[in-house]
Amino acid sequence: MTHMPSRNIMGIFLILLFLIGLRCSGTAAQLVPAIFVFGDSLVDVGNNNHLHLSLAKADFPHNGVDFPGKRATGRFSNGKNAADFLAEKVGLPTSPPYLSLVSGNSNVPSFLTGVSFASGGAGIFDSTDQVYKQSIPLSKQVEYYTTVHDDLVKHLGSSAAHKLISKSLFAVVIGSNDVFGYSGSVKASSNPQQYVDSMTSSLKGYLNILHSRGARKFVIIGLGPIGCCPSQRNQNRTEECNEGTNRLSLMYNEALVAMLHTLKSEELGDISYSFYDTYTVMQSFIQSPASNGFTEVKAACCGLGKLKAKVACLPISKYCPNRRDHLFWDLYHPTEAAARLFIDDAFDGPSHHAFPVNVRQLTAL
Ligand SMILES: *[C@@H]1O[C@H](CO)[C@@H](O)[C@H](O)[C@H]1NC(C)=O
C-alpha cells in the first residue's frame with residue numbers, strides 16, 4: 001500500500017523532469033549523433049587554453065562577458081561562437097575541446113557527441129607556429145581526429161562507430177589565417193591564384209583523410225571579407241577595407257567551391273556537403289547594417305584606439321555596452337550576435353547562401 005502511491009508520484013515526477021528537460025534544451029530533436037569541429041579562432045571553444053606557450057588565447061576578460069556565468073572560456077567572443085550555435089541547432093551540447101578531454105582522465109563516452117579540434121591561430125598550412133606551439137594546425141587537428149576515430153571503433157565496434165561517424169557533421173572553419181599570412185616571402189614565391197589553389201589542394205587532402213576515417217557530411221564555411229575586419233581597416237588612413245585581402249578571400253572561396261564540386265562529382269561520390277557563403281552575407285551586413293540589426297560594422301567592440309583596433313581586447317581595454325549592435329567583438333572576430341546570424345542562415349538560409357544544400361537539409365540526407 002505504501003509503495004503504489006509513491007511509485008505514481010515518482011512516475012509523475014520523472015515525466016515532469018523530462019518535460020522540463022525538453023523545455024530547457026529548447027531543441028527537442030537531436031538531428032545528428034555528433035559534430036566534429038576543425039578550424040581556427042572563429043570556432044575555438046578552449047583548445048588553446050591548453051597550449052601553455054601560446055599567445056593566441058582568449059581565456060581572460062573581457063572575452064566571455066556575455067557568456068553564461070560571464071566566463072572567459074577561451075572563445076574569442078563576447079559570448080558564444082559559431083560552434084556553439086551549430087551544436088544548438090542540431091540539439092547537441094557544444095563539442096568539447098579535444099585537449100580538455102586528453103588532459104583530463106576522460107573515457108570514450110565523452111567523444112560520443114563530438115569533439116572540437118579548433119584552435120585560435122590555426123591555418124590550413126603548417127606555419128612556423130608548429131615550432132612555437134601557438135596553435136594546432138589543421139594537419140595536427142586531423143591527426144587528433146584519427147585517434148578519436150580509433151577510440152570510437154575500439155569502444156563501439158567498427159560497424160556502429162562508422163554508422164555514427166557517417167551521420168555526424170564535420171564542420172570546417174579555416175583559411176583566414178592563411179590569407180592573412182600571404183605576404184612577404186610567400187608573396188614572392190607564388191602568385192595569389194597559386195596560393196589559394198595550394199590552400200584548397202591541401203584542404204582536399206585533409207578531407208580525403210577524414211573520409212577514409214568515416215566522415216561523410218561536411219559543413220564548410222567560406223571566408224568572409226576579412227579585409228574589412230577592424231585590424232585591417234585600422235591600417236588604412238580612411239578606415240577602408242583592405243581590398244587585396246578581400247580579393248584573396250574571394251579567390252579562395254571560388255577555388256574552394258570548385259574543389260568541393262570536383263571532390264564530390266569525381267572522387268568521393270558518397271560525401272555530402274553544405275558550403276556557406278559568409279562573404280556575401282557579411283558584405284550585406286557591412287553595406288546595410290540597420291536592416292540586419294547593427295549600428296557599428298567598422299569598429300571593434302573591445303579594444304583601444306582607432307576603431308578599437310590599435311590595442312587588442314585585453315583586460316586593460318574598454319568594451320562597448322551595446323554588443324548586439326556591433327558586427328565585430330574584437331579586431332578580428334565577430335560578436336556573438338553576428339555568429340548567431342551566420343549560423344541561423346547557414347542552417348536554414350536560401351540556396352544562394354548555403355549550397356548545394358543548407359545545413360538542415362544536410363542533416364536530413
Ligand atoms: C585605403 O583603402 C582604399 C580602398 O581600398 C585604397 O584606395 C587606399 O589606397 C588605401 N589607403 C592606404 C593608405 O592604404
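Where is Pro 356 found? Pro 356 sits in strand S10 (residues 354-356); strands (E, at least two residues) and helices (H or I, at least four) are DSSP runs, numbered from the N terminus.

Please keep in mind that this is a predicted model, in which local features need pLDDT of at least 70 and side-chain atom pairs count only at pLDDT 80 or more, while totals for chains, interfaces and linings use all residues. Residues are numbered from 1 along each chain as its sequence is written, and side-chain values use heavy atoms, leaving out hydrogens and water.

Now to the backbone. Most residues other than glycine have a negative phi, and most peptide bonds are trans. Here are the exceptions to look up:

| Site | Feature | Value |
|---|---|---|
| Pro 61 to His 62 | cis peptide bond | omega near 10 degrees |
| Phe 355 to Pro 356 | cis peptide bond | omega near 0 degrees |
| Lys 70 | positive phi | near 50 degrees |
| Lys 308 | positive phi | about 55 degrees |

His 62 lies in the loop between strand S1 (35-39) and helix H2 (82-89), and Lys 70 is in the loop between S1 and H2. Lys 70 counts as exposed because its relative accessibility is 60%; exposed means over 50% relative accessible area, buried under 20%, and partly exposed in between (1.4 Å probe, protein chains only). Lys 308, in the loop between strand S7 (302-303) and strand S8 (318-319), counts as partly exposed because its value is 23%.
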